[in-house]
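User: I have a structure open and want to learn how to read its features. Could you walk me through it?

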Amino acid sequence: MALLEVDDLTVRFRTLRGEVHAVNGVGLTIDAGETVAVVGESGSGKSVTALAILGLLGRAASVTRGRVSFDGRSLLGQTERQLRRLRGDAISMIFQDPMTCLNPVMTIGAQVREVLEAHTDLGTAAAKRRSIELLDEVGIPDAARRADQYPHQYSGGMRQRAMIAVAIACNPRLLIADEPTTALDVTVQAQILDLLRRLIADHGMGLLLITHDLGVVADTCQTTNVMYGGRIVETATTRELFRRPAHPYTVALLNSIPALGGDRKARLAAIDGQPPVLRAEPVGCTFAARCPRVLERCLTDVPPLDPIADGHAVACWNPTPHP
Amino acid sequence: MGLVVLVAIAAPLLAPETPSGRAYLDRLGGRCCAGPSADHWLGLDELGRDVFSRIVYGARVSLVVAVVSVTLALVAGALIGAVAGYFGGAIDSALMRLVDVMLAFPSFLFAIGLVALLGTGLWQLMVAIGISNVPIFARLLRGSMLGVRTSPYVASARVLGLPPRRVLAVHMLPNAISPLIVAATLALATAIIETAGLGFLGLGSNDPAQPEWGAMLANTTRFLQTAPHLAFFPGAAIVITVLGFNLFGDGLREAIDPRLT
C-alpha cells in the first residue's frame, strides 16, 4: 500500500469574481522512502495540492472532489483535531522561505522543542536534549549553543536547516517540501538537497518535493509529475521524463533551461503567452493557447492522462513523438 | 519623564509639607496669595497650602491614574483585538462595529459620560479613562494581528500541528504586540491630559488629600488676576509630564520599529 495516495483531487476557490478552479483531478502516489516531484510554474496549483493534502486550505477554498489517503486512512473526512495530531507528527512540511518561516521572537531550540512537546510526551529536559540532537543531525555546528540563538542570528542556509530540524522532529513518515531551495544560494541549495536525500534514506520517509526547478528534480526525485493549469499533464520516472518528454509543455520547460557551454548570443527559449486564470470550468486543454502542437480537438476536449509507456503517462492529444 | 516618575515615588521625601494642610490659613495674612519664596518655592495657594508640595503629590495621582487606566485599556483592548484578529469573520465584524461605536464619541466626551454613570472618585476616574481608551488598542492589535496571521511562521506553526491557543499566544501575540507598547506610552500622555481635564471639570477625586493638577487649575481660575502663579505651576507640571511621555513614546517607537531608523 502506498504511503500517500491522492486521487482525482479537485480544489475550488471562491472569489469575488467567481470560482477559481485551482486544482483539477490531480492524482499521485508516494511510497515510503520514495521521492516524488511536482513541477510547475507559479499558479499551476502545486502548493494548493500540498495544502489540500494537509487540510489547510483555509476558508476560501474547498475540496470539491477526490480522495486523499495517508497510510490507508482517508484525510479529507478527518476532524480538525485529528488532522492537527497528524500534522507535524506523521506528515510534516517545510516551506520556501526560511527567512520568514521561523518565529522571529523565539529561539531556534524553543521552536524545535515546541513541536516535540506538542506531539510526544517527552519531558522538558528530554525535549531539550532531543532538539539539540536534531539540530546536530541537520548539520548545525555547535548545536547546543546555537539552539539558544534567534533566527536573525542564523544565515539563510542555516535557517533552512533549522526548519528541516523542526519538520523532522517527530520522525514524520511523509515530508512535503514546498520549494525548499528556491530562496537559497546555489551552493547552499546543493547542501540542503544533500541533507534532504540523507534524511530520506536514514529515516525511510516519503518526500513530496514541490518545485519549479528541473535541476533540483533531476538529481533528487524518482518520479516527476508536471503540473500545468491545475492538472497533471505528464507523469513519468524522472529519467524517462528528461529523456523522452512527451507533453509540449514539458518539452518547452526542458528547452528553457540554458545549456552549460551553449551559444551565449542565443536567446533563452521561452514559452509564449501567459498561464491561464482558471476561472471557468476548463474547456479543452489548458495549455492549448500557448502550445506549438495545438490541434482543433485541443480547444474543445480535455485530454485524459493516458499511459504511453511503462510508468509514463501524458495528457495530450498530440504528444511529442520520440523514436 | 523619568524625573516625574521619580518625583511621584519620592513625593513624601521631597515635599516640605503634606498636601492637605488645614491650619495654614493664617499664613496668608489675609492676602491671597504669596508668590514663590525661599520657604515656599512655588508659593502658597488660596488656603495657604504649599503649592510645590501639592504638585509633587499631584504627580502621584496623575501617574497612578494614567498607568492604571492605560493598563486597563491595554489589556481589554488587546483581548478584543486579539480575538477579532485571530478569528476574523463574523466575530471580527461584530467586535469592530462595537469599537466603531465607541470611537464615534470623542474619547474625552466618552470618559465624561462614564464618570456621570459611575460617579466621581479615583477608581471611577481610572475606569472611565481606561474604557475610553480601549478602542484604540483594540483597533491597533487587530490590525497587526491580521498582518501576522498571514505570515509564513504562523502558517508553518499550523502545519506543524500546534494547537490554536498556542499559535495565538506564542506565535502571533508576541509578534503583533510591539506597536501597542508604543501606543501605550503615548496613551499615558493622553490619559494624564484626560485626568487633568476631568479634574478641572470637578469630575475627578474630590479628596483634598489627593491633590490633582487639573483640580488645582480649576481652583485657581478665581484668582487668575491676583495670583497667576497658582495657575502657572500646575499647568507647567501637566505640560512637562505630557511632553515627557510623548518624547518617550517617540523614542520607543524609533527603537522598536526597524523601518524608522
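This is a predicted model: local features need pLDDT of at least 70, side-chain atom pairs count only at pLDDT 80 or more; totals for chains, interfaces and linings use all residues.

User: Let me start with charge. How many salt bridges does a search of the whole structure find?

Analyst: The general idea: side chains of opposite charge can pair when their charged atoms come close. Here a salt bridge is a side-chain nitrogen of Lys or Arg within 4 Å of a carboxyl oxygen of Asp or Glu. Over all chains, the search finds 18. One of them joins Asp71(A) and Arg173(A), whose closest N and O atoms are 2.6 Å apart. This pair links distant parts of the chain, 102 residues apart. Asp71(A) sits in the loop between β4 (61–70) and β5 (73–74) of chain A, and Arg173(A) in the loop between α6 (156–168) and β7. Helices (H or I, at least four residues) and strands (E, at least two) are DSSP runs, numbered from the N terminus.

User: Which residue forms a salt bridge with Arg142(B)?

Analyst: Asp92(B), with closest N and O atoms 2.6 Å apart. Arg142(B) belongs to helix α6 (residues 122–149) of chain B and Asp92(B) to helix α4 (residues 89–104), so the pair ties together parts 50 residues apart in sequence. Asp92(B) has a relative accessible area of 9%, so it counts as buried. Another bridge pairs Asp100(B) with Arg139(B), closest N and O atoms 2.8 Å apart. Asp100(B) is in helix α4 and Arg139(B) in helix α6, so this bridge ties together parts 39 residues apart. In chain A, Asp194(A), Arg197(A) and Asp219(A) are linked in a network of salt bridges.

User: What about a charged residue without a bridge? What is the nearest side chain of opposite charge to Glu212(B)?

Analyst: First, the counting rule: Lys and Arg are positive, Asp and Glu negative, and His and the chain ends are not counted. Glu212(B) is buried yet has no salt bridge; the nearest side chain of opposite charge is Arg54(B), 8.9 Å away. The side chain of Glu212(B) does reach the backbone nitrogen of Ala215(B), at 3.0 Å. That is a polar contact (a pair of N or O atoms within 3.5 Å; within protein, one must be able to donate a hydrogen and the other to accept it, and residues adjacent in sequence count only if both atoms are side-chain atoms). Glu212(B) lies in the loop between α9 (178–200) and α10 (213–220) of chain B.

User: Now rings. How many aromatic pairs are there over all chains?

Analyst: Six. Rings of Phe, Tyr and Trp (its six-membered ring) pair if their centres lie within 6.5 Å; planes under 30 degrees apart count as stacked, over 60 as edge-to-face and the rest as tilted. Phe105(B) and Phe110(B) are stacked, at 5.8 Å centre to centre with 25° between the planes. Phe232(B) and Phe233(B) are edge-to-face because their planes stand at 80°, with centres 5.3 Å apart. Phe232(B) is exposed at 54%, whereas Phe233(B) is buried at 19%. In chain A, Tyr228(A), Tyr249(A) and Phe287(A) form one aromatic cluster.

User: Which ring face does Arg297(A) lie over?

Analyst: A charge sits over a ring if NZ of Lys or CZ of Arg is within 6 Å of the ring centre and within 35 degrees of the ring normal. Arg297(A) lies over Trp317(A), at 3.5 Å from the ring centre. Arg146(A) lies over the face of Tyr154(A), at 4.7 Å.

User: Last, the backbone. What is the phi of Glu179(A)?

Analyst: Positive, about 50°, although Glu179(A) is not a glycine. Glu179(A) is in the loop between β7 (174–178) and α7 (186–203) of chain A. At 7% relative accessibility, Glu179(A) is buried. Asp142(A), also not a glycine, has a positive phi of about 55°. Asp142(A) is partly exposed, at 46%.

Methods
Residues are numbered from 1 along each chain as its sequence is written. Chains are lettered from A and ligands numbered from 1 in the order in which they are written. Side-chain values use heavy atoms; hydrogens and water are left out. Buried means under 20% relative accessible area, exposed over 50%, partly exposed in between (1.4 Å probe, protein chains only).
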